[in-house]
Amino acid sequence: MSIGDNVRRLLKELPEEVQLLVAAKGRTPAQVMEAVAAGAGIIGENYVQEAEEAFAAVGRKARWHFIGHLQRNKVKKAVSLFDMVETLDSVALAAEIEKKCLPLGKEMPVLIEVNSGRERQKTGVLPEDAAGIIEQISGLPHVKVMGLMTMGPLSGDPEDARPYFRETRQLFTALRQRGLPGTEMRYLSMGMSASYRIALEEGANIVRIGTRIFDCAGQ
Ligand SMILES: *Cc1c(COP(=O)(O)O)cnc(C)c1O
């Protein structure tokens with residue numbers, strides 16, 4: 001199966017309201033281009049420099065989501081390239097994004113990364129801290145909170161991710177009902193190659209898939 005075949009098969013499988021994000025870390029610009037040519041609309045990048053290389057080949061034929069850990073000194077480049085930052089996990093980072101977006105007159109959509117597994121070594125905000133952080137960010141005119149993203153603890157069995165996806169969806173729904181000013185709870189990004197079907201069952205509307213597209217395994 002080619003990269004293009006894998007993308008087309010996934011696009012066919014996913015419900016209409018769900019967006020496929022192609023997780024491109026470690027792939028060449030040519031591989032990323034192949035996914036876009038097959039209809040992939042969103043490329044997810046973990047590293048700004050790698051994104052710049054792929055962007056040089058693909059340009060605005062796709063939308064670009066940042067899904068890695070964003071370092072402060074990379075924010076300036078990131079805000080000019082990316083259409084969304086899915087991994088916002090601190091007010092300080094939001095403030096830096098605000099500062100760099102201001103002169104560009106650009107509003108950056110962001111997702112709050114939730115550390116749903118409450119893992120010490122992991123990035124993301126604890127579920128119980130999300131509302132407070134969103135409230136602080138909502139005062140920044142060039143940063144727009146548009147939903148939540150989570151990884152969940154990695155495990156051999158994708159079923160193990162289900163409770164974390166479920167808790168994140170419940171948080172998403174609760175935040176939506178609170179209707180925090182300046183925020184719009186529209187996107188819930190969860191699920192990767194092994195776990196995306198479970199994430200779909202738990203309400204994800206963005207799934208982030210790499211291995212299953214580029215390493216051509218599975219069915
Ligand atoms: C690599 C990555 C993915 C995709 O993982 P696969 O198992 O290769 O599908 C999704 N989300 C993030 C944040 C990643 O870094």
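This is a predicted model: local features need pLDDT of at least 70, side-chain atom pairs count only at pLDDT 80 or more; totals for chains, interfaces and linings use all residues.
Me: Nice. How is a pair of aromatic rings described?

Reply: You give the distance of the centres and the angle of the planes. In this structure the count is 2 aromatic pairs. Phe55 and Trp64 form an edge-to-face pair, with 5.7 Å centre to centre and 65° between the planes. For Phe66 and Phe82, the ring centres are 5.3 Å apart and the planes stand at 75°; planes over 60 degrees apart count as edge-to-face, so this pair is edge-to-face too.

Me: Let's turn to the ligand. Where does the ligand sit?

Reply: You will find the ligand in the largest pocket. The residues surrounding the ligand include Ala23, Asn46, Ile67, Met149 and Arg208. By type, the shell divides into 6 nonpolar, 4 polar and 2 charged residues.

Me: Which N or O atoms lie 2.9 Å, 2.8 Å and 2.5 Å from an oxygen atom of the ligand?

Reply: At 2.9 Å there is a side-chain N or O atom of Lys25. Gly210 contributes a backbone N or O atom at 2.8 Å. For Thr211, a side-chain N or O atom is 2.5 Å from a ligand oxygen.

Me: How much of the ligand's accessible area does the protein cover?

Reply: On its own the ligand has 390 Å² of accessible area, and the protein covers 86% of that.

Definitions and conventions:
Residues are numbered from 1 along each chain as its sequence is written. Side-chain values use heavy atoms; hydrogens and water are left out. A residue is near a molecule or strand if one of its heavy atoms lies within 4 Å of it. A polar contact is a pair of N or O atoms within 3.5 Å; within protein, one must be able to donate a hydrogen and the other to accept it, and residues adjacent in sequence count only if both atoms are side-chain atoms. Accessible areas come from the Shrake-Rupley method with a 1.4 Å probe; for residues, only the protein chains shown count as cover. On a 1 Å grid over the protein atoms alone, a cavity is a set of points where a 1.4 Å probe fits but cannot get out, and a pocket is an open set with protein on both sides within 12 Å along at least five of seven lines; lining residues have an atom within 4 Å of a point. A molecule sits in a cavity or pocket if more than half of its atoms lie within 2 Å of its grid points. Ala, Val, Leu, Ile, Met, Phe, Trp, Tyr, Cys and Pro count as nonpolar, Asp, Glu, Lys and Arg as charged, and the others, Gly among them, as polar. Rings of Phe, Tyr and Trp (its six-membered ring) pair if their centres lie within 6.5 Å; planes under 30 degrees apart count as stacked, over 60 as edge-to-face and the rest as tilted.
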